[in-house]
Amino acid sequence: MKSVYLPGDHERGRWMRLDAARILKRYFFCERALILSQAGWLAAIASFDVKTILPTFLWQDAMIAHALRNRVFELRFPSRMMEIGDDAPLIAVFDAAQDAPSAEAYVLALARLFKPALLSAYREYEQLADDLSDGPILRELRSAIIEKMEQVAALTGMAQSMMQAAPERAATAEAWVSALGLRLMQVGGLSVEPPKPARDQTEFVGRRSYQLAEIAARDPRFHRCRYYWPDITDASFAYGTGIRLQLRSAVSHVNEVWAVETGGAILRAFADELGWEFIFDAARWTYDESRHTRMGYERLKTWGYALDEIPLGSYIYDSARGQDPVIRLGMLHYFETKNIGKKTKRAEAFASYQDKLSQHDMDFDWADETIHAAYGHRWLDALRELRPDQVPDIDTLRQRCDELVGREVDAATDADRKDIGAVALAMIEKAEHLP
Ligand SMILES: [Fe+2]
Ligand SMILES: [Fe+2]
């Protein structure tokens, strides 16, 4: 029978705003789960590339998650509720990623399961959504589609090389990813439809409850050591000028791996307590530290240093072993920003050596550190407000950090000193004889 009204049956009318919000909210919680596990796993990953590239991915994920969350708030105005709700069976599978039996299994699951799931979900949404009503988030999703494609390609290569380096862990990693994949299928995967409850409630094979690696894994291709330059344990060894300053600065930068690991550790540790705004800041913080690390690495590579000539120390990360994560937050805030005033002077020194590359890296690093100083204050204050009895004031915390690192430095043995002395001298000598 002919309707008395004009027809409105059009694909543009598929979703109302609350339908769209429900789907975008689901994507947000998936991203959030992966941001937390990527951050938490950084310390346990040995490969230098994976350790310093994964932070780029988790920062990209934080950017799209942030946009998704804001869009959900816009669509549900005035509600600011973000609840897992019906998506619980799906988010439980994404959360389980963090309990991987090994770093290889974790990265393989990202490459094969979780990142491709997000990629195809975003593609599906992009195809079905209406550009007119949903344009603001579609722009963000289109960027995320490109990023996720790049992430999947990079992570696939990373997983492959990690498994080749540790073939004894390959079978467990494969079994882990199959188990997660099966469960993801059972809950209906990640799509525009809500998930189904998991029929199968059995535990995943190989599941190991997530724990922060208190001893950081480090790439065996580098010269691994406790102290990464002689002046750390020997006050008579000058920080130096000229070639020595160029090297010291590049070695300091590459040794910011501890800051990458610490950024990841605190993101994971305080995510629930401090909430999304903290996760968003900590993702950027961790990403920045990974860029600083790679700045030093790239400079040393440009100057012709092989990986086994570059010292990669552990003492700062080690000095927080077994401590409350507040200490790690304090360390990251304090040790990364206490030299901020020296950075502009160093940049000037590099300019006077016509070393534009070191000058450039130091210059950009300075801008990042000023952001980090604000992060440190903001989140230490927030923690202190939540737990005034447990979180010390900033001066006490700095003093505690100094004591802990001082204790680690005092533990240096003659063998440690000899080792780093020889590495540093070899680097200096090589620099002096460069053509
Ligand atoms: Fe840094
Ligand atoms: Fe920093």
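This is a predicted model: local features need pLDDT of at least 70, side-chain atom pairs count only at pLDDT 80 or more; totals for chains, interfaces and linings use all residues.
Visitor: Why is helix H2 called roughly parallel to helix H4?

Guide: Helix H2 (residues 48-75) and helix H4 (residues 103-128) pack at an angle of about 25 degrees, and their axes are 14 Å apart. Angles under 35 degrees count as roughly parallel, so H2 is roughly parallel to H4. The crossing in which H2 passes H4 is left-handed.

Visitor: What makes the contact between H2 and H4, and how do its residues divide by class?

Guide: H2 contributes Val50, Leu54, Phe57, Asp61, Ile64 and Leu68, while H4 contributes Val107, Leu110, Lys115 and Tyr122. By class, eight residues of this contact are nonpolar, none is polar and two are charged. Asp and Lys count as charged, and the contact includes Asp61 of H2 and Lys115 of H4.

Visitor: Why are H12 and H13 described as roughly antiparallel?

Guide: The angle between H12 and H13 is about 165 degrees, with the axes 8 Å apart. Angles over 145 degrees count as roughly antiparallel, and H12 and H13 are therefore roughly antiparallel to each other. Their crossing is left-handed.

Visitor: Which residues of H12 and H13 meet?

Guide: On H12 they are Ile340, Lys343, Thr344, Arg346, Ala347, Phe350 and Ala351; on H13 they are Ser358, Gln359, Met362, Asp365, Trp366, Glu369 and Thr370. This contact has six nonpolar, four polar and four charged residues.

Visitor: Why are H7 and H12 called oblique?

Guide: The axes of H7 and H12 come within 11 Å and cross at roughly 130 degrees. Angles under 35, over 145 or from 65 to 115 degrees have other names, and the rest count as oblique; H7 and H12 are therefore oblique to each other. The crossing of H7 and H12 is left-handed. Leu245, Gln246 and Ser249 of H7 meet Arg346, Ala349 and Phe350 of H12. Three residues of the contact are nonpolar, two polar and one charged.

Visitor: What makes up the lining of the largest pocket?

Guide: The largest pocket, with a volume of about 660 Å³, is lined by 26 residues, of which Tyr228, Arg248, Phe335, Lys338 and Asn339 are the closest to its centre. Two or more lining residues come from each of helix H7 (243-254), helix H10 (315-319), helix H11 (325-337), helix H12 (340-352), helix H13 (356-386) and helix H14 (394-410). By class, the lining has 10 nonpolar, six polar and 10 charged residues.

Visitor: Which helix gives the most to the lining of the second largest pocket?

Guide: H5 gives the most, with four residues. H2, H4 and helix H5 (131-165) each supply at least two. The second largest pocket holds about 430 Å³ of space, and among its 18 lining residues Ala46, Ser47, Glu104, Met162 and Ala165 are the closest to the centre. The lining divides into 11 nonpolar, two polar and five charged residues.

Visitor: What is the omega value of the peptide bond from Phe77 to Pro78, and where does Pro78 lie?

Guide: Omega is near 5 degrees, and the bond from Phe77 to Pro78 is cis. Pro78 lies in the loop between H2 and helix H3 (88-96).

Note on methods. Residues are numbered from 1 along each chain as its sequence is written. Chains are lettered from A and ligands numbered from 1 in the order in which they are written. Side-chain values use heavy atoms; hydrogens and water are left out. Axes are lines fitted to C-alpha atoms, for helices over the stretch in contact, and angles run from 0 to 180 degrees between N-to-C directions. A crossing is left-handed if the near helix is turned anticlockwise from the far one by less than a right angle, and right-handed if clockwise. Contact means heavy atoms within 4.5 Å. On a 1 Å grid over the protein atoms alone, a cavity is a set of points where a 1.4 Å probe fits but cannot get out, and a pocket is an open set with protein on both sides within 12 Å along at least five of seven lines; lining residues have an atom within 4 Å of a point. Grid points are joined across faces, edges and corners, and a volume is the space filled by probe spheres set on the points.
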